[in-house]
Structure formats: C-alpha cells, structure tokens
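Here are a few exercises to work through with the model open. Try each task before reading its solution.

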Amino acid sequence: VISNKVLTRYPGNPTVVVDGQKDVFIAHGRESDLTSWVADTSHTDLLLSGKGHRQLTSNDFAGGGAFANPAGSDLWRGERFGTKHLALQVPTAEESAVLVAADGIASAPNKVSLVWNINHSTLLSDTLIWAGLAMLLAAIVVNIWTYRKMRRERGPRRRTPKAPHGPKLRYRAPKNADIRKGRRVAGRVTSVAVLAALVPGLVSGCSLGQTGTETPTPSATEAAVVAPPPVVTEAQLHKILRRVAATVAKADKAKDPRHLASRMEGPALAARGAHYSLMNASRKIAPPTPIFADVVSFDLPAASDTWPRAVMAVTKGRGESSLPQMLVLEQATPRSNYQVWYAIGMLPGVQSPEVAAATVGAIPVAADSLFLKLAPNALPNAYGDLIDKGSASLGTSLFDVTSDEFYKQVAASQASQKANLSKGKITVTHGLGNPNVLSLATANSGALVAVYMTDTYVIKPNKPNSAVTVSGNEKLMLGTTGSTKGIRSVYGDMLLFYVPAVSSKDKITTLGATQVLVSVRSL
C-alpha cells in the first residue's frame, strides 16, 4: 500500500514501476477506500523515512483478514495487471493511493519504484530572452526617431536679423487699488497658507474615522464542517455502468438469472428473473429493456465514507426511441461490487428537483426519516391507499397525481377489474415489497426515493363449483388456464418519488415507475 503522502512527496504524478516473479497488479483509488478494502489483511505499507523523508521504506502488517483478488473491484479508479514487470502513472489528486499486489493470494512484488519526471522549466530564460529582444527593438526605434529628428531640426548656421518691435506699453495700477505691503501682511498670508495646508489633513482624518468600518472578529465557536467525499467519480461511475451493462446483456442472451447475481440484487433481480421465466414459457415475449451505459444524463453519488453506499444515474441508449431509465446501485461492502437494486423507467413530462453536483455528492436519507413530508418506507402504503380510494384517500393532500400516468393507469385498471368481476371476489393490497429503500437528499432538503411496492391481487370464485381463469402473462406464469380455488397474482412496482421536506408546500411527485408480473399461483 502506497499512501497519498508518499505519492505527493514531489510535484507531478509519479509512475509506479513494479517487478515481480509472476503476476503483477497495480490499482489506484481514494486512500480511505483502499484502506477499507485491505482492512486487517496482512500487507506492507510503503513509507518515507531517512534524511529529508526521501527514502522509501516498508512496514509489514501481520493481520488475520481474508485474502482476495483485488482485480475488477469497483473501488479502483484505474488498474492494470501484467506479468513480471509493470508501470503505471498514477494521478495524485483526490486523495489517491496505490495498491500493489499479485493475485491477492501470492506474495506481492518485492521491487517497487516511484519515478517523478523532473520538470525543467525554461520560463525564466524565455522571459529574459524576450525582454532583451523587446529592449533591442525599442533601442532601434528610438535611434531611428532621434536621427530623423536631428535631420529635421538642422538649419542655416548664419544669424538672421531680428524683426523690429513696437513700443512697449506699461500699465499703471489704479490709485484706488488696495496694495498692502509690509511684514505683518506677509505674516498673515503665511499663516493662512499653513492653515490651508493643515486643514485637508484634519478633514481627511475625520472623514476616515467616520466612514471606516471595523473588521469583524471571527467567532471562536465557528468550525469548518468537512463533508464526506462522493463515493465515486464520474469516470469511475461510467466504468461501473459499462461493466453492469455487459453482465446484464450476457444474462439477457442466456435468459438465466444466475448470471445476474454479481450485478443485480433485490427488486431488479426479481423483476428480471420473472421476465426470463415468461420468455422461457413463450417465444412471443419480448426481451426486457436493456441496461444502457452509453449516455449518462444524470449522476448522483452518495456523499459517504461508510458502507453500504448508493449511487443514482439516469441512462439511455443512443437511439431516439430509447427511453431514459433510473438505475439505483448499492455497494454493500468494500470488497463487493455495485449492484443494481432498482431499474426504473422515467415518466414523460416530469421535472426532477435540483440536486447537488456529482463532484459534491448527496447525503443519504434514512428509510424512516421524519424530516420529509412522508417517511420513505411509508410511501407504498400511502400511494397504494391513494390508488384504492382516489380522492377519498388521506394521501390526496400529499401526492401530486395530475401528471402521474402510472397512477392513472393502475387505478383505472384496478377499478375496471372490480367493476367487471361478477362471479368472483377480488382483493387488492399494496405494501412495501423490500425494506431496502434507497434515498438521497436533494438541494432543497427533500429526497429522491427509490422504493419497491407490491400489488397483490387475490381473486376467489363466489360459487364452489366455479373457477377463476387467467390469460396473457398470468396464464404463462401459472402454467394453466385457471384454478377452482382462486388465483393470487403479485405485481412488483419499482417506483421513484421526489419527497419534499416536511416544511415544504410542495407535494410528493412520481418521477419514474416500472411494473413487472412477479408471481402467479393457485390458492
């Protein structure tokens, strides 16, 4: 492990040169992340010692942590691996540190060198040269101008006679002119002059005393608040998204949810696995929406130095028909990779709230936060009650559904089923489908909340000898046309809400929604 203090010993970005017996691996990332990844595993810290702290020495740490291969971790901003010899130039910005290893199990390379390129600046010499050339040019111009002036001013050397002048007139002062002479008068004038010289100083001194403002003394109680850094950089996030997209594309091709285990978890994994089941049951089922990484129009990492960590990003494909989707990723531990928990299609016409810049990050919000208009984990029950009861629901004053197309379609479909079902009884319940609600704060103290709501439809026949029939995707997933006891269907809704602060006059807005049939079974 090479700390940031060692890397910044000299100006510029150093090149780390490593020689080993077989496999060689170099990675760089934020020092705190790198230290968390290594944890208590046996390792060696490279330090500066000696006279002037210029000599590179090692300090061995014997720990009991598990060994692991560091290659491919999402914590690294850059990495490179090779055989026997490897060199990598490492940027020192943003608390960067370096990890040198083999394959995570074998001993690390035993020869490490740090090389800084000496910057021979020619600024001073270039400045003197150009200054000398400018002075030479000025001297040439002055000499030419002086020579031409001398030529113009040269005239005949003989004296020319002067023209005659008229009589000089002398004007006499009038007799009533007040001309005072004498020593007393001179003394008065002198005193007035001295007074006039002193008055401006006095006036200016008074004016400064009146208009001058005192410099406020900073309070001793004021302290600088250091916020945690964003969990990923923009380049790091784009690299993670490309890896996620590649893994999901392979799983879509194989129609096997086992390939998603390394990059999907929770609601996203359940939704995609259910879609694979439909595809395997019928060739008419279209593939799921791909995970895009080409165009990232929005990225909001959490500002945190602990785990788990969350990142939100809106991506879309390069085609005009591609719709934007919100990907919400989470990293559970330092040694695990980011996994997609929510893949939510953005609703058309919605306006997202202002958020912090990606270089600053957003503060994570607890699932049971009381500083919002509604706690994030309470959103499914309130939103579901609004779908069931409409304007009679208590959530009418909390949610803005004027442009919520998802709400309108689900509420209309649910009302239609209840109205058209004459030989059976339907019960619909809405609830929190997964406790892992991911929320990040907005610029106005609100929050972007990704939550999973389940819609459970239970249909039972009214008469003992009758049956409940299903069609479409429910028929494919059930494997039969119906059941005499009843059918239980579960739909999963991955929802993205903007929840304002408790003191705000704004209402909760639905920004994105994706609904998938998760399961169908007979009662």
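**Exercise 1.** Find which residue just after α7 takes a positive phi, then work out which α7 residues are buried.

*Solution.* Helices here are DSSP runs of H or I with at least four residues, strands are E runs of at least two, and both are numbered from the N terminus. This is a predicted model, where local features need pLDDT of at least 70, side-chain atom pairs count only at pLDDT 80 or more, and totals for chains, interfaces and linings use all residues. Residues are numbered from 1 along each chain as its sequence is written, and side-chain values use heavy atoms, leaving out hydrogens and water.

Next, step back into α7 (residues 379-389): Leu379, Pro380, Ala382, Tyr383, Gly384, Leu386 and Ile387 are buried (under 20% relative accessible area, with exposed over 50% and partly exposed in between; 1.4 Å probe, protein chains only).

Last, look at the cover, which includes α8 (405-420), β12 (424-432) and β14 (447-461).

**Exercise 2.** Which residues does Met326 touch?

*Solution.* Skipping residues up to four places away in sequence, Met326 touches Phe298, Met312, Ala313, Val314, Tyr342, Ala343, Ile344, Met346 and Leu496.

**Exercise 3.** Is Trp130 buried or exposed?

*Solution.* First place Trp130: it sits in helix α3 (residues 123-153). Then check the value: Trp130 counts as exposed because its relative accessibility is 62%.

How values were computed:
Contact means heavy atoms within 4.5 Å.
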